[in-house]
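Welcome, and thanks for taking a look. Please have the viewer open as you read.

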Amino acid sequence: MRLALARRGPRAGRGLKPSAGWLGLGWLLALPAGLPIVIVLLHFGGAEPGVLAHLNGQVLPRVLGNTLWLVAGVAIGAGLLGTAAAWLVAVYDFPGRGLFAWALLLPMAVPGYVMAFVAIGLLDYAGPVQSALRAWLGPQAGLPPIRSYGGVVLVMSLVLYPYVYLIARNAFATQGRRALEVGASLGLGAFASFRKVALPLARPWIAGGVLLVAMETLADFGTVSAFNYDTFTTAIYQSWFGLFSLGGAMHLAAMLVAIVALLVLAEQALRGRARYNVGRSPQPLKRLRLRGGAALCACAALSLLLIVAFVLPVAQLAFWAVGELGELSMPRLTEAAGNTVMLAAAAALLIVVLAGLLGFARRMQGGFAMRLSTRLATLGYALPGPVLAVGIFTPLAGLSAWAGAGLNWSLSLQTTLFALLLAYAGRFLTVAHAPVEANLQRITRAMEEASTSLGIGGWRMFGRVHLPLLRGGLAAGATLVFVDVMKEMPITLMMRPYGWDTLAVRIYEFTAEGRWEQAALPAVLLVITGFLPVALLTLRGEK
Amino acid sequence: MNAHLLTARAALLAAATVLGPLVMTGCSAPEDESVLTVYSSRQPHLIEPLFDKYRAETGVQVRYVNDEAGALLHRLEAEGESTAGDLFLTVDAGNLWQAAESGYLQPVESDVLERNIPDHLQDPDNRWFGLSVRARTIVYSTERVSPDDLSTYEALAGEAWRNRLCLRTSKKVYNQSLVAMMIHQHGEPATEEVVRGWVRNLAAPPFANDVAVMDAIKAGQCDVGIVNSYYFGRMQKDDPDVPLALFWANQDSEGVHVNVSGGGVIAASDNPAAAKALLEWLSGDEAQSLFASLDLEYPANPELMAHPIVEAWGDFKPNPINVSKAGALQTEAVKLMERAGYR
């Protein structure tokens, strides 16, 4: 929709009067992410001098390089895997395609920190794979070390590629066939059509997915710390918990925010000012049937991806979990599973509504101030969870303390469901916003003008025109948010009300002290919970 | 329809969406006076049995919040006087020292605590008390290393251990405390030399935890490491024949580096008397034995026996310097390890 506005003249939105109300709404929605970001930015350079000198001199140069290098690797890895898988599934037909179409989303339900401890447990020197290799082939035999740059990139690419896959698949599904036809009319083969026609057409969607992956990578703590790979987030933790300097942590976080802002600008520049116009009713897609070797290759490649990214890790988890079944208190786990579903569902619902409102407000009201509020609202995704939690927790705790002292109320706003959902909204609004915005782009100005000419404008138009056309994007956004909230650890740890322990909290309790086997059972439950929204999304798509 | 009216409605809807959950949950923050609230960074399966027992004995209900120590400290800071927390429980003297220095804990005058907890395991100003003790010492492969070759932490920096040492990441507070104690004893330059030597001797990049260090030694990737005693105990409990053993480091000098888990009464507690009573109970014989044996640690009270697995390792000379010294120097230790390339 950003694209639509780039071309929109001042008169284009007749009947959609820009007003301060929309702008106010935009800023209200930007508050959960904007408040922490502003608090963080105010702390730039605000740490104790000794800490600041140490961070800038010793820590920053190293983690800056590490972080950028990691983001580049994961963006490429997840981007390639996601785009290739989406193209195969969306455009071709081959044995197992129907299964792959939804199963390829499943690795999304495996948290990065879980994938990391499984990969390291299996593949490190002391793990079963390398031990078996040494037993067969002698003490020199082995694999390249998993606890390395390549290992982190591999693990993060495997759990994050579904973000690109989900978004790119929708793009290819609507355009892919046409791209092939256009390519054929130009005398291009299937791959050349993909490269020269379909890929450039799908670029905004792929870039959006890759941006999500990059932000998730920037904010990740669990995966990189399992690999002891130092990034901004590990340095932020170290400054806060090791140097006891929250100011230093905020100083680093401020720089992280700057990097994210650059990334977002880069993505926008990549999109250019182009406007993509998709026909209103694309022909029902007929997929190209692959035969023989080609079908086998497609099937084998996707099977390999699915096995490595999902089947093997879940099998290992299940194996560990079975060994621990007798040791763990099941009621504690089922209660946590219930909490997880409730929280994730509530957050998904709330956040897609907010994302829809934000997208619509942005469409109704152009201009710099509105663009800024949208950007702010969607930057929260790249803030490390604890930093965002601090940014919301602190003002709410201050408000409660003030109410407690001044009005003699006994409040603790900071640990209510309200605060927790607010923090989730700050963190995950982008995730819902991306697919919603992609869908909004397909609602043409002409459709809005037709609506207003029939006397259906503004808010009513949103309900009658936009909402029905947004359903796909809203569903995709809700799925992504559900899965993300379910896996979320640091915000949940800090802000959950009493009795709201989630499966991620249970996993933390064990992994904090290196008890992988015990962590496996809640991890398996978490993955099973993640099936839920993926299945719903699939059923919806099959209709 | 009027555009302003419509936007007003949209704003109202947004506000309702955001504020709805507040109405449901926010105003009903439970504040029951008979419930004691513990802010804890200890694992639930270690403290829950104790709280259940306490409730059975005294009728006082204990609820707890568990999170990282650093996050709990920030929580205390942000909540100030309005905090619901009464008692703070955590691991590591550095965290306890930080809590006390920041003013989140209040001094407790108690004959019971003074009698049960030795001086070097409590805050000199009585703001926190150690409740269990863990030794951080050398673990070695019984197949490839003779205990005669081992002596001190510092000696692991020597040529003889090139490519034979495995360590956990320097980001873990246990290593920060160990290095902080070395700074206290040897000064920064000498300590930095030792840490650089360790880094030179590493057979693999630092691991995420002590369990992985022991797995690597077992698999033959390296021969020695430094771990907390209870991790080794846990491994021995699962596999009594594991070809690893603990070596008590620095017995001819300062003694083994010990650290504590412990707790203190939160300064802004609404119920400091009840919090003090729980802390005293935790220092008592019954709770101490349970606390220590659940996690294979040593009771803070030296009169009490540890778990048989732990007792079988034999006696050792602990470093008698007050553990709070490590807290005061933790920041320096973190910076030093960063400089020395210990990740």
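## A predicted model with two domains in chain A

This is a predicted model. In chain A, the domain assignment gives domain 1 as 15-35 + 325-543 and domain 2 as 45-323. Their C-alpha centres are 22 Å apart. Where the two meet, domain 1 of chain A contributes 35 residues and domain 2 of chain A contributes 39 residues.

Which helices build the side of domain 1 of chain A that touches domain 2 of chain A? At least two residues each come from α14 (368-379), α15 (385-406), α16 (417-440), α18 (458-487) and α21 (516-542) of chain A. The most comes from α21(A), which gives 12 residues to this side. Sorted by class, the residues on this side of domain 1 of chain A are 24 nonpolar, 7 polar and 4 charged.

## Where chain A meets chain B

Now to the contact between the chains. Chain A brings 61 residues to it, and chain B brings 54 residues. On the side of chain A that touches chain B, α15(A) gives the most, with 10 residues. That side of chain A holds 33 nonpolar, 22 polar and 6 charged residues.

## Two helices in chain A

Turn next to helix α2 (residues 20-42) of chain A, which packs with α16(A) at an angle of about 85 degrees. The axes of these helices are 7 Å apart. Angles of 65 to 115 degrees count as roughly perpendicular, so α2(A) is roughly perpendicular to α16(A). From α2(A), the contact uses A:Pro32, A:Ala33 and A:Pro36; from α16(A), it uses A:Leu422, A:Ala423, A:Ala425, A:Gly426 and A:Leu429. By class, this contact of α2(A) with α16(A) has 7 nonpolar residues, 1 polar residue and no charged residues.

## A closer look at B:Ala287

Our last stop is B:Ala287, found in helix α11 (residues 285-294) of chain B. Is B:Ala287 buried or exposed? B:Ala287 is buried, because 21 other C-beta atoms lie within 10 Å and 20 or more are enough to count as buried.

Leaving aside residues up to four places away in sequence, B:Ala287 touches B:Leu50, B:Trp281 and B:Leu282. B:Tyr298 is 11 residues from B:Ala287 in sequence, and their C-alpha atoms are 12 Å apart in space.

Conventions. Residues are numbered from 1 along each chain as its sequence is written. Chains are lettered from A and ligands numbered from 1 in the order in which they are written. This is a predicted model: local features need pLDDT of at least 70, side-chain atom pairs count only at pLDDT 80 or more; totals for chains, interfaces and linings use all residues. Domain bounds come from an automatic or database domain assignment. Two residues are in contact if their C-beta atoms, placed from the backbone, lie within 7 Å. Helices (H or I, at least four residues) and strands (E, at least two) are DSSP runs, numbered from the N terminus. Ala, Val, Leu, Ile, Met, Phe, Trp, Tyr, Cys and Pro count as nonpolar, Asp, Glu, Lys and Arg as charged, and the others, Gly among them, as polar. Axes are lines fitted to C-alpha atoms, for helices over the stretch in contact, and angles run from 0 to 180 degrees between N-to-C directions. Angles under 35 degrees count as roughly parallel, over 145 as roughly antiparallel, 65 to 115 as roughly perpendicular and the rest as oblique. A residue is buried if 20 or more other C-beta atoms lie within 10 Å of its own, exposed if 12 or fewer, and partly exposed in between; C-beta atoms are placed from the backbone.
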